[in-house]
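User: I would like to learn how to read a protein structure, one feature at a time. Please give the general idea before each case.

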Amino acid sequence: MTRQQLLEAIKQERETLDTLVALLDEAQLIAAHGGWAVKDHLSHIAAWERMIIAHLRDGSDHEVADMDATSYAVATLDELNDRLYRLHRDHPLAGVRGEFAAAHRAIVSYIEEMAEERLSAVYWDDDPSGRTVLEKISGDTYLHYREHAGWIQELIERRTEAR
């Protein structure tokens, strides 16, 4: 996948997610029924986009999660996601929406400015799988949008059925 193909995939999946979120009113965005509210999904996505940029710029992704580097390095995905949820769950909807948009603009801009060959570089030097920057960005952008759009759609359907 080239940088341009990555950007196109990000654009398409983000448009799908944005369209889904636009269908919801404020009450639907902030309602949590035993789990995450839609706004929590938006905060989560924004945080992962910010962590990619921080990692690629200067390795400060742990700071986005408000963790020290050692704790961050050993945290499981579930622990990290829980940490991000707890950090952002009480943020007001307007702030969440603003950060969701700003983080997206930042990751797209970062990718546009990145050297094409950087996409094939290894994301983590100590990762035995050799996961590339392209794979990591894909997983935390367009594939992430698709995943969360599915969960948001499920929330909408459950709420509709409960009425």
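Analyst: Start with the helix: helices (H or I, at least four residues) and strands (E, at least two) are DSSP runs, numbered from the N terminus. In this predicted model, Arg97 is found in helix H7, residues 93–113. Residues are numbered from 1 along each chain as its sequence is written. Because the model is predicted, local features need pLDDT of at least 70, side-chain atom pairs count only at pLDDT 80 or more, and totals for chains, interfaces and linings use all residues, while side-chain values use heavy atoms, with hydrogens and water left out.

User: Is Arg97 buried, exposed or partly exposed, and how is that decided?

Analyst: Buried means under 20% relative accessible area, exposed over 50%, and partly exposed in between (1.4 Å probe, protein chains only). Arg97 has a relative accessible area of 38%, so Arg97 is partly exposed.

User: Which residues is Arg97 in contact with, apart from its neighbours in sequence?

Analyst: Contact means heavy atoms within 4.5 Å. Leaving aside neighbours within four places in sequence, Arg97 is in contact with Val21 and Leu29. A separate value is the C-alpha to C-alpha distance: Arg97 and Ser43 are 8.0 Å apart in space and 54 residues apart in sequence.

User: Where is His62, and is it buried or exposed?

Analyst: His62 is found in helix H4. Its relative accessibility is 15%, so His62 counts as buried. Beyond its neighbours within four places in sequence, His62 is in contact with Met67, Asp68, Ala69 and Tyr72.

User: What can a phi angle tell me about Asp66?

Analyst: Most residues other than glycine have a negative phi. Phi of Asp66 is near 55°, a positive value in a residue other than glycine. Asp66 is found in the loop between helix H4 (61–64) and helix H5 (69–74). At 49% relative accessibility, Asp66 counts as partly exposed.

User: At what angle do H3 and H7 pack, and how far apart are their axes?

Analyst: Axes are lines fitted to C-alpha atoms, for helices over the stretch in contact, and angles run from 0 to 180 degrees between N-to-C directions. H3 and H7 pack at an angle of about 35°, and their axes are 8 Å apart. A crossing is left-handed if the near helix is turned anticlockwise from the far one by less than a right angle, and right-handed if clockwise. H3 passes H7 in a left-handed crossing. Among the residues that meet are Leu42, Ile45 and Ile53 in H3 and Val96, Phe100 and Ile107 in H7.

User: Which classes of residue make up that contact?

Analyst: Ala, Val, Leu, Ile, Met, Phe, Trp, Tyr, Cys and Pro count as nonpolar, Asp, Glu, Lys and Arg as charged, and the others, Gly among them, as polar. The contact of H3 with H7 has 14 nonpolar, two polar and five charged residues.

User: How do H3 and H6 cross?

Analyst: The axes of helix H3 (residues 38–58) and helix H6 (residues 77–88) come within 9 Å and cross at roughly 115°. H3 passes H6 in a right-handed crossing. Residues making the contact include His44, Trp48 and Met51 of H3 and Leu80, Leu84 and Tyr85 of H6. By class, this contact has seven nonpolar, four polar and two charged residues.

User: What is the volume of the largest pocket, and which residues lie nearest its centre?

Analyst: On a 1 Å grid over the protein atoms alone, a pocket is an open set of points with protein on both sides within 12 Å along at least five of seven lines, where a 1.4 Å probe fits; lining residues have an atom within 4 Å of a point. Grid points are joined across faces, edges and corners, and a volume is the space filled by probe spheres set on the points. The largest pocket holds about 420 Å³ of space. Its lining has 18 residues, of which His55, Asp61, Tyr72, Ala73 and Trp124 lie nearest the centre. H5 gives the most to this lining, with three residues.
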